[in-house]
Amino acid sequence: MSTHQQTTVFVRELPPRVDENTIKQIFSEFGNVVDVHLIKKNNNSQAQVSFETHEQAQRAVSSQRTTIMSRNVRIVWNHGSLTLSNLPAGIDEVELKQCLSGFPVSGIQIRNPQQALVTFDNQGIANEAMQKLNGFLIRGQPITAKVYHSMSKSDIFPIPPYIQYVENEAAPNPESQPKAYASLKCGTGTLYFFPPDEVQNNSNIVKVKSEVRNEAFHFLEERTIFVDGFAPGTTQENLSELFSAAGRIISIRMHSSKAAVIQFDTIEAKIKALSYNKKSLNHQKLPLTVLPYVEKVIPHKEAGLLQINQLPPSLTVEALKTEFSEIGRIIAVSISPTGFEERPYGFILFYEYSSAKSAKENQAIIQKYPNMFLYPPIQANDAILAFTENQAAPNNCLVIYNLPANTTEPDINKNCKKYGFIKSSFVLSDNNSKVAYVYFSSPQEAVEAYSEMSAAGTPCDILNGNALLASTRRLSEMSLPQEWGGVLLFTLGLPQEWGTTQFRQSIQSLNIDIDSCFVLLNPITGLSKQSGIIFAKFQQQAMALYQYYGAYVRGARIEAFRSRGGYTRIEPQQNQPAMKYRLPAPSKKQISPREWMKQFIILNFTEKQDPLKALIDKLSIIEIQSLHSSFDGFISWLEGQVAHI
């Protein structure tokens, strides 16, 4: 098999504690992982990772190296493997290796008492070895050798007993399956779906091809929701009381003490159930979070997550969803508040990355929201939990909309203190109305306030910072695009009182044009962590920030953003203008603006460096500071001096 046909890669030098789920999560950055086979060793494990397409596998191999659990691994094509069968009972890897010493074997794994997986450097060598190994005697016992197809175990999948597949059926025949609530023509046969509680546990497990399995689970996914936020002790009956009004419920599966997965019989019922978002169960005040369910076991297109920094405070979650639904299908929307007088963050998770990218590049949207950050493509099932509550990011912030223009913070505190202890509050103006944010000491107090105020018709909502927390944490773990290296920056030592607005203004004051930036927040208080992320458009702007920003904002420090996954993701190259000038590399030792200018001259104007450096020495401190405050201004001045020399 040539590498142009392969969909499987071999990962070497894995840490011994790694598991298949971790490998799948990390390699999902390159595409849809359909199978992981882990070969455990004491200190150096290996794995075969199979993708849906050759292009996805190629991205993994092209990354050359990535990091798993802080350990560098090697990713190579899975060139050739054989399955050896009919081995003598009790044989171990050491003995088998000795028996096969005459063959160019690169790896051996005993898979069961009489079978082993043997790898070679390429398929041609494996094919030659297979001819000699068939009938080869080990302990006087002839063995058999066959080509190992790493996809073989992924080609056939079991499906649960509540799904039945009848092959060679020209059209669905409901009369043959009277207990089925739905049927679906698939391939050469028909899929029939039954309520799980009406199927006996000892029913035969049916195995089908991957495309049939995927169709079956996609059918169920389209009819399923994820419900989060109810009180511990809630039963399936409690959930059924509310959601049965949307349509016939096929099954309710408790996901945790406060979350459940509910499947309906029709897509229409699922859509209606999604409208129950923010409703509460009987005898509970907690507002529910109702989201589309994303099935983990089937492949999906990569999702897109768009973060809007400096979101207008009067914009609600529902209004944000309505606005961006014109761009593409949306899975979830959230707003992360701040704990001081600063605009919140908006998050939109699209089913497809292309939709998020279209929104990011839409000129009308850019004009309205000039500070947007587009995350790299992600798997929807990994991102969706960011749109629920988290213990590290509780629902303790109440936002009140459409307040009169004369509303003040004391007015808000007076009206809200009856619900509990207020840790902080502030009021933001937006056009002709005001919006108030109230942080309570506990989620229960915020829920009490929300329940009573919403019942009285006051437009309000409960917010948390989990979308910002989970998304940025994911950014620090995932494989980032290669071209982001050097332009995705991390800033430390920002003033405590700064939000994203002041952060962005400080960058703009240096005449440096960036893609986006935002300040990181404590999800419990909404206060600044005194750190932020900058996404520069090009290397030249990033290097200017390295040099100038620390001098402009006292105590601030900029460094490259670090992710455990590294900058290994292969993306289509964007057209970037070539850098006209080279910039001095960042120095660990702080140097003066005057010295940096001299280094710049040495790099770019070697033949005229002496007269130019002499000019720099003659400049006053005020003149140096003036040039230092604007990179473009410095370049313009320098080019003018070069023209006169």
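Ile514 has Ala536 of strand E31 as its bridge partner. The model is predicted, so local features need pLDDT of at least 70 and side-chain atom pairs count only at pLDDT 80 or more, while totals for chains, interfaces and linings use all residues. Residues are numbered from 1 along each chain as its sequence is written, and side-chain values use heavy atoms, with hydrogens and water left out.

**Strand pairing**
- Strands (E) are DSSP runs of at least two residues, numbered from the N terminus.
- Two strands pair if DSSP finds at least two bridges between them.
- Strand E30 (residues 514–521) pairs with E31 through six bridges, in the antiparallel sense.
- Strand E29 (residues 488–492) also runs antiparallel to E31, joined by five bridges.
- Within E31, Ser531 is the bridge partner of Leu492.

**Burial and turn**
- Seven of the nine residues of E31 (residues 528–536) are buried, meaning under 20% relative accessible area with a 1.4 Å probe, protein chains only.
- Six residues separate E30 and E31 in a hairpin, and Gly526 in the turn has a positive phi of about 75°.

**Cavity**
- The structure holds one cavity of 30 Å³ or more; a cavity is a set of points, on a 1 Å grid over the protein atoms alone, where a 1.4 Å probe fits but cannot get out.
- The largest cavity has about 70 Å³ of space, a volume being the space filled by probe spheres set on the points.
- Its lining has 13 residues, and those closest to the centre are Pro337, Gly465, Asn522, Pro523 and Gly526; lining residues have an atom within 4 Å of a point.

How values were computed: Buried < 20%, exposed > 50% of the residue type's maximum accessible area, 1.4 Å probe, protein only. Helix = DSSP H or I, 4+ residues; strand = E, 2+ residues; numbered from the N terminus. 1 Å grid on protein atoms, 1.4 Å probe; cavity = no way out; pocket = protein on both sides within 12 Å on 5 of 7 lines; lining within 4 Å.
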